[in-house]
Amino acid sequence: MNIKAIQIDDRDNVATLTNNSKKGDIVQVLNPSGVVFLELQLIEPIPYGHKISIKNLKVGDEIIKYGETIGIVNKNILKGSWIHTHNVGSARMPTSGKEEGIL
Amino acid sequence: MTEFFGYKRPDGSIGVRNHLLVIAPIDCSFEPAKKIASQVDGAVAITQHHGCGNDPVLVHNLVGTGLNPNVAAVLVVGLGCETLTSKIIAEAIQKSGKPVETLVIQEEGGTLKTQKKGIKILKKWKKEIAEYKPEPFPICKLILAVECGGSDATSGIAANPAVGVACDRLIDEGGTVIFSEPQEMIGTQHILARRAINELVAEDIYTMIENDEARLKAIGVDSRWMSKGNIDGGLTTIEEKSLGAIRKGGTRQIQGVLWNDWERFDKPTRPGLWLQDGTGWDVPSVSHMVAAGAQVVVFTTGQGSTTGHAIAPVIKVTGNPHTYASMRDNMDINASTILNGGDSIFDVGDRTFNTIIKTSSGSKTKAETLGYQDYIVFLRSRAAEHLLGHC
């Protein structure tokens with residue numbers, strides 16, 4: 001299946017999937033001008049509307065979306081991985097604990 | 001410079017519509033006000049539902065709506081025993097030089113006599129404004145309000161970034177943009193403050209957003225909290241959620257905070273991007289921005305909001321392909337073409353910009369065609385604001 005992910009700002013190190021996906025799918029990453037600049041094979045399924053890492057990231061790195069920091073990596077992340085609350089925390093308002101209650 | 005076709009008012013402001021507005025300062029006189037407006041094409045009635053006390057927030061917002069250049073003339077219809085009198089509203093609007101009349105039901109001798117007289121006044125004005133011809137004006141005369149509601153996973157990646165591109169272009173060409181909903185800015189105050197034109201504006205941005213955090217805290221809501229739906233939908237942190245929301249206002253410098261409280265009701269004093277101290281509740285949020293002078297509104301939605309406004313055209317933009325397909329009656333712009341790479345954010349941004357110009361030159365939005373006349377004034381609890389030390 002033809003899976004797309006959108007990078008909103010060219011400084012972003014994550015992109016957002018616009019389809020559901022499964023492990024092994026190829027994801028085409030579009031830059032803000034709508035051009036495919038990267039293809040990644042998924043090492044795990046990523047849901048629609050969720051983020052994929054377009055770089056290798058290590059603990060302490062900033063996650064950049066909209067050209068701004070949206071969180072800090074708390075587990076090393078391989079390029080092509082699912083980015084969410086299991087490997088990223090808020091830089092300003094820690095949500096750990098709060099999330100556990102609702103997930 | 002891009003131009004639009006509008007109507008010049010006596011105070012120099014430019015309307016994109018030629019509405020006749022019937023204001024009921026209190027809901028006691030709203031029924032006859034609606035009846036009067038219903039008899040004349042282009043006339044619309046508004047009121048507020050917070051009692052008949054002379055509250056400055058109510059006065060500012062009703063007067064602001066009457067002063068909006070989309071309104072050609074104003075008829076104020078009151079009951080007679082209210083503290084928030086027709087005179088207060090009428091005199092403040094008269095200063096702009098536009099035609100204003102008042103009718104007081106208890107003085108006119110009841111509902112029927114008031115309605116008869118009101119319809120006569122509106123019909124006379126209708127003939128006069130039929131003579132007004134739209135003229136071209138540069139878009140530096142345009143104030144755009146942006147709002148989002150019924151957001152979903154597509155809002156932050158398609159509709160909001162595309163509308164942000166349109167806002168940047170409008171500002172670069174000398175126009176003005178307002179966005180509000182400080183509750184949806186929580187977690188991004190440091191980013192917005194960095195975009196402030198000076199230290200004082202940065203301080204105002206922190207104050208406005210932190211006041212809303214304090215209001216949430218007072219009722220036991222932790223502002224760090226995101227709903228299960230937010231997290232299931234792919235939002236990882238509050239910063240990410242709020243960045244998606246504020247993106248609809250674009251990326252330009254912030255000129256200032258437009259306060260909207262008991263002491264102040266600010267309007268943009270120069271072109272550029274402004275934040276309004278408002279509410280996250282869609283209809284009053286739009287109503288307050290229109291009261292501050294916005295002539296046209298862009299509203300992004302994922303799940304499919306349907307609202308409009310009494311005197312301002314509201315352009316609906318959705319990034320959700322299913323919403324666009326199933327709610328064609330309500331949606332003006334399809335931003336979902338971004339999702340499959342068919343269009344870029346910039347392509348849809350340009351399309352939105354062109355729709356803003358076309359709409360400002362008279363083209364009707366879906367909400368206008370459907371006859372939506374939404375208007376609500378939001379009023380915070382003054383007692384709570386005192387307890388929180390905000391006033």
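Strand β8 (residues 143-148) of chain B pairs with β9(B) in the parallel sense, over four bridges. The model is predicted, so local features need pLDDT of at least 70 and side-chain atom pairs count only at pLDDT 80 or more, while totals for chains, interfaces and linings use all residues. Residues are numbered from 1 along each chain as its sequence is written, chains are lettered from A and ligands numbered from 1 in the order in which they are written, and side-chain values use heavy atoms, with hydrogens and water left out.

Strands (E, at least two residues) and helices (H or I, at least four) are DSSP runs numbered from the N terminus. Two strands pair if DSSP finds at least two bridges between them.

**Around β9(B).** Ala145(B) stands opposite Ile178(B) of β9(B). On strand β11 (residues 272-276) of chain B, which runs parallel to β9(B) and is joined to it by four bridges, Leu273(B) is the bridge partner of Val177(B). From β9(B) (residues 176-179), Thr176(B) and Ile178(B) point one way and Val177(B) and Phe179(B) the other way; all are buried (under 20% relative accessible area, 1.4 Å probe, protein chains only).

**Around β1(B).** β1(B) and β2(B) form a hairpin with five residues between them, and Gly12(B) in the turn has a positive phi of about 95 degrees.

| Strand | Partner | Bridges | Opposite residues |
|---|---|---|---|
| β1(B), residues 3-8 | β7(B), residues 135-138 | four | Glu3(B) and Pro138(B) |

**Helix packing in chain B.** Helix α1 (residues 30-38) and helix α5 (residues 111-129) of chain B pack at an angle of about 35 degrees, with their axes 9 Å apart. Axes are lines fitted to C-alpha atoms, for helices over the stretch in contact, and angles run from 0 to 180 degrees between N-to-C directions. Residues of α1(B), among them Pro32(B) and Ile36(B), meet residues of α5(B), including Thr114(B) and Leu122(B); contact means heavy atoms within 4.5 Å. The residues of this contact divide into five nonpolar, four polar and one charged (Asp, Glu, Lys and Arg count as charged; Ala, Val, Leu, Ile, Met, Phe, Trp, Tyr, Cys and Pro as nonpolar; the others, Gly among them, as polar).

**The sheet of chain A.** Three strands form an open antiparallel sheet in the order β6-β7-β9 (chain A). Its edge strands, β6 (62-65) and β9 (88-89) of chain A, each pair on one side only. Helix α10 (residues 238-246) of chain B packs on this sheet and touches β6 and β7 of chain A; its direction makes about 160 degrees with that of β7(A).

Key:
Buried < 20%, exposed > 50% of the residue type's maximum accessible area, 1.4 Å probe, protein only.
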